[in-house]
Amino acid sequence: MDNDVSAGNTTTIVGRLALGVTLLAVGLGHTGVIDGVTAADAAPLAQYVGGIALFLTGLLAFRDRDTASGTAFTALGALWFTWAVSGDVSANAAGLFLLLFALVVLSLTLAGGGQLAQASSGLFCLALVLWAVAAFAESEGVAKVGGWVGVAAGALCWYAATAALAHWPTVLPRRAAGRGVTATG
């Protein structure tokens, strides 16, 4: 997924928004920061926005010959949908699913793209690994940490989509060679 502002096509923007909103909802549900809201409460949003909308966005990206976005969004859509409809499973089954989900996101992270895409995918992968560890260990504390990492990933996805729409910067400026701090004597 390319993060250059001028290359932000419609399917990439919609996909980033859908993924960002889903990650924010699921992440916030894991943190417990909002009284009475849990990760399970995000399941309908994950099913329809993270699952169906992302999957359809991926199909549209394939139609536009954008194989990177198509692959990312259809795979993530299928995984979010599966997570949302899986219902009550054992902690070990949930942990295994989250680890497998993390492997897919790791592939997306290593595939490249712009700084925001790699950063958000990397954070998303880390959140999934933390949620898997939390499921295996039945640790609420690790799940909360994973939730905050998921919130950060969702915020980056949201920013990437908003930046493409608003023509904001999407890369960190680099210092020119030789333009560092100089010693004065």
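Biologist: Where do F97 and F101 sit relative to each other in helix α4?
Modeller: They're four residues apart in α4, so about one helical turn separates them. By helix I mean a DSSP run of H or I with at least four residues, numbered from the N terminus, while a strand is a run of E with at least two.

Biologist: What kind of model is this?
Modeller: It's a predicted model, where local features need pLDDT of at least 70 and side-chain atom pairs count only at pLDDT 80 or more, while totals for chains, interfaces and linings use all residues. Residues are numbered from 1 along each chain as its sequence is written, and side-chain values use heavy atoms, with hydrogens and water left out.

Biologist: What share of the protein is buried?
Modeller: Of its 185 residues, 41% count as buried. The cut-offs are under 20% relative accessible area for buried, over 50% for exposed and partly exposed in between, with a 1.4 Å probe and protein chains only.

Biologist: Back to the aromatics. How many pairs does the structure hold?
Modeller: Six aromatic pairs. Rings of Phe, Tyr and Trp (its six-membered ring) pair if their centres lie within 6.5 Å; planes under 30 degrees apart are stacked, over 60 edge-to-face, and the rest tilted. One of the pairs is W80 with W83: the centres are 5.8 Å apart and the planes at 85 degrees, so that one is edge-to-face.

Biologist: How are W80 and W83 placed along α3?
Modeller: They are three residues apart in α3, which puts about one helical turn between them. F97 and F101 also pair edge-to-face, at 5.7 Å centre to centre with 65 degrees between the planes.

Biologist: Why would a spacing of three or four places matter in a helix?
Modeller: An α-helix has 3.6 residues a turn, so residues three or four places apart point the same way.

Biologist: Which residues do the ring pairs link into a cluster?
Modeller: W80, W83, F97, F101 and F124.

Biologist: What lines the largest pocket?
Modeller: 33 residues, with H30, A39, A40, W83 and A94 nearest its centre; a lining residue has an atom within 4 Å of a point. The elements giving two or more residues are α1 (10-31), α3 (67-85), α4 (91-110), α5 (115-137) and α6 (140-166). The largest share, six residues, comes from α4.

Biologist: How does that lining split by class?
Modeller: 21 nonpolar, nine polar and three charged. Nonpolar covers Ala, Val, Leu, Ile, Met, Phe, Trp, Tyr, Cys and Pro; charged is Asp, Glu, Lys and Arg; the others, Gly among them, are polar.

Biologist: How far does α1 reach?
Modeller: Its 22 residues span 31 Å from first C-alpha to last, close to the 32 Å expected, where expected means 1.5 Å times one less than the number of residues. After α1 comes G32, with a positive phi near 75 degrees.

Biologist: What about R65, what's its phi?
Modeller: Positive, about 65 degrees, although R65 is not a glycine. R65 sits in the loop between α2 (43-63) and α3 and is exposed, at 76% relative accessibility. E138 also has a positive phi, about 50 degrees, without being a glycine. You'll find E138 in the loop between α5 and α6, exposed at 66%.

Biologist: Last one: how many disulfides?
Modeller: Zero in the whole structure, taking a disulfide as a pair of cysteine sulfur atoms within 2.5 Å. C125 is buried at 12% relative accessible area, and C157 is buried at 4%.

Key:
1 Å grid on protein atoms, 1.4 Å probe; cavity = no way out; pocket = protein on both sides within 12 Å on 5 of 7 lines; lining within 4 Å.
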